[in-house]
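Reader: I am new to this, and I would like to know where the labels come from. Could you take me through them one by one?

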Amino acid sequence: MAAENLHPAHVAEGRAALPIARYLPVAARVLLGLVFFVFGLDGFLQFMPRPSVQMSEGAAAFSAGLMSAGYMFPMIKGTEVIAGALLLSNRFVPLALALLAPVVVNIFAFHAFLAPDGMGVTMAILVLELYLAWAYRSAFRPMLAARAARATPETARADARSS
């Protein structure tokens with residue numbers, strides 16, 4: 001197989017990538033970006049129809065609490081819009097994934113404990129987030145180091161030269 005047909009991760013391993021595997025991270029990134037960008041904007045502009053299904057008492061109380069706090073719901077929706085835009089533009093993708101991680105955990109917990117009827121879409125979002133975190137795992141490796149070295153002027157210059 002020609003070198004231009006190899007996925008960078010597979011070149012290092014000396015094997016050819018499946019054709020679909022080359023586009024899977026891009027498709028997952030765009031899909032997750034669209035979900036959060038559109039639903040984040042809907043939190044501000046309310047252009048999508050509201051569900052006609054009655055929420056459980058706990059789900060309604062939780063949602064009312066987010067709304068009545070005044071700042072929490074706009075902060076969550078703003079984070080969704082910004083992170084979704086970053087994913088769609090392919091800029092700062094690891095940062096966008098890190099920003100969305102607590103939002104995704106909260107969406108999962110909300111549907112697992114308060115509103116199980118939306119669990120299908122929730123699981124799709126969770127799988128996309130986890131897959132992209134795995135695809136960008138090299139960017140998270142320094143953040144997950146047990147002992148991190150603090151930056152010095154010498155390491156900052158070396159980092160600037162390498163990028």
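Reader: Why is N90 called partly exposed?

Author: N90 has a relative accessible area of 40%. Buried means under 20%, exposed means over 50%, and partly exposed is in between (1.4 Å probe, protein chains only). The value of 40% falls in between, so N90 is partly exposed. Before we go on: this is a predicted model, where local features need pLDDT of at least 70 and side-chain atom pairs count only at pLDDT 80 or more, while totals for chains, interfaces and linings use all residues. Residues are numbered from 1 along each chain as its sequence is written, and side-chain values use heavy atoms, with hydrogens and water left out.

Reader: What makes the phi of N90 worth a look?

Author: Phi of N90 is positive, about 60°, although N90 is not a glycine. Most residues other than glycine have a negative phi. N90 sits in the loop between α4 and α5. Q46 is another residue other than glycine with a positive phi, near 50°, and its place is the loop between α2 and α3.

Reader: Is Q46 buried or exposed, and how do you know?

Author: The relative accessible area of Q46 is 53%. That is over the 50% mark, so Q46 is exposed.

Reader: What are the elements of the protein, from the N terminus on?

Author: They run α-α-α-α-α-α-α-α, which comes to eight helices and zero strands. Helices (H or I, at least four residues) and strands (E, at least two) are DSSP runs, numbered from the N terminus.

Reader: How do you know that D42 is buried?

Author: D42, in helix α2, has a relative accessibility of 5%. Since 5% is under 20%, D42 counts as buried. In the protein as a whole, buried residues make up 23% of the 163 residues.

Reader: Why is the pair of D42 and R50 called a salt bridge?

Author: A salt bridge is a side-chain nitrogen of Lys or Arg within 4 Å of a carboxyl oxygen of Asp or Glu. The closest N and O atoms of D42 and R50 are 3.1 Å apart, so the pair meets the definition. Not counting residues up to four places away in sequence, D42 touches F47, M48 and R50; a contact means heavy atoms within 4.5 Å.

Reader: How many salt bridges does the structure hold?

Author: There are two. The other pairing to look at is K77 with E80, whose side chains meet at 3.2 Å, N to O. K77 and E80 are three residues apart in helix α4, so about one helical turn separates them. Both of these residues are buried, and E80 has a relative accessibility of 5%. Leaving aside its neighbours within four places in sequence, E80 is in contact with F36, F37, F39, G40, L100 and V103.

Reader: What makes F140 a buried residue?

Author: F140 has 13% relative accessibility. This is under 20%, so F140 counts as buried. F140 is in helix α7 (residues 137–140). Beyond its neighbours within four places in sequence, F140 is in contact with P94, L97, A98 and A133. F140 and L95 are 45 residues apart in sequence and 9.4 Å apart in space, C-alpha to C-alpha.

Reader: Which residues make the nonpolar surface patch, and what lets L88 belong?

Author: V26, V30, L34 and L88 make a patch of about 270 Å². Patches are made of residues with over 30% relative accessible area and no salt bridge, and nonpolar side chains (Val, Leu, Ile, Met, Phe, Trp, Tyr) are joined within 5 Å, like charges within 9 Å. L88 has 32%, so it passes the area mark. Helix α2 (residues 19–45) gives the largest share of the patch, three residues, while L88 is found in helix α4 (residues 72–89).

Reader: Which helices each supply at least two residues of the lining of the largest pocket?

Author: They are α2, α3 (57–68), α4, α5 (93–113) and α6 (119–135). The largest pocket is lined by 39 residues, of which F39, P51, K77, F110 and H111 lie nearest its centre.

Conventions: Areas by Shrake-Rupley, 256 points an atom, 1.4 Å probe, with all protein chains shown as cover. 1 Å grid on protein atoms, 1.4 Å probe; cavity = no way out; pocket = protein on both sides within 12 Å on 5 of 7 lines; lining within 4 Å.
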